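I opened this entry to record what I looked up in one model.

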Amino acid sequence: MGKGRILAYAGAVTVPLGSGALLHLWGSWSMRSPLGTPAALAVLVALVLAGLAVAAHHALFREGGSVLALVLLLAGLGAVWIEARDSRVRGATVECVVVGKVRVTDHPTFGEGAPEPKRLYHHALDCPGGHPREFAWERKLGGAGETVAIAYDPARRMDPVPADENVARGSLFLPGALLLLAAGLSVAALAVEGTDDRIR
């Protein structure tokens, strides 16, 4: 096996796994950064990283390679981004007083297989620092004059949540599985490149 072939195999593994790791690092850092990275900038950089991964995949497979591997690569990177964002907890908690009556709105859904109708409880809040002023949630957090604990992101990159809901929910199992499958299919596509077999 020639040196170029070895480098191609290494690239087939490194592109999906390396781009996934970089994207996760960026997603996690952009949400934790004390600089308050704007959400639009975070998404833009994430799209650039994904575009570079696709370009690197295309460079590896000038003859087409595995289309399924490319689809899995993109799906895996999308899942990495979602999980990186979900791994973040809001950095500040504030004790707020509910002002006035809690307003209730119902949001029906239509069609077969639609999700359950949603009821939202809208709380007007008096918080130190003035944020958040209003807060809607799927359960009533307290009545007029009662104190509620709200977790929020000082840089306003994430919506506030009740303090007891401020937990990291991210998991790397699904994106890791998708990127490993993409790497496996890329290696298999390289193995049959130039033969009559073709992995689509």
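My notes follow in the order of looking.

Source. I worked from a predicted model, in which local features need pLDDT of at least 70, side-chain atom pairs count only at pLDDT 80 or more, and totals for chains, interfaces and linings use all residues. Numbering starts from 1 along each chain as its sequence is written, and side-chain values use heavy atoms, with hydrogens and water left out.

Confidence. I found an average pLDDT (the predictor's confidence in each residue, from 0 to 100) of 85 for the protein, with 90% of the residues at 70 or above. Residues 196-200 fall below 50, and this stretch has 14 contacts (heavy atoms within 4.5 Å) in the model beyond near neighbours in sequence.

Elements. I noted four helices and six strands, taken as DSSP runs (H or I, at least four residues, for helices; E, at least two, for strands). From the N terminus the order is α-α-α-β-β-β-β-β-β-α.

Shape. I looked up the C-alpha trace, which spans about 75 × 45 × 25 Å along its principal axes. The radius of gyration, taken over C-alpha atoms, is 23 Å, whereas a compact globule of 200 residues would have one near 16 Å; the globule rule is 2.2 Å times the number of residues to the power 0.38.

Burial. I read 38% of the 200 residues as buried, meaning under 20% relative accessible area with a 1.4 Å probe, protein chains only.

Contact range. Among contacts between residues at least 6 apart in sequence, 68% join residues at least 24 apart.

Methods:
Buried < 20%, exposed > 50% of the residue type's maximum accessible area, 1.4 Å probe, protein only.
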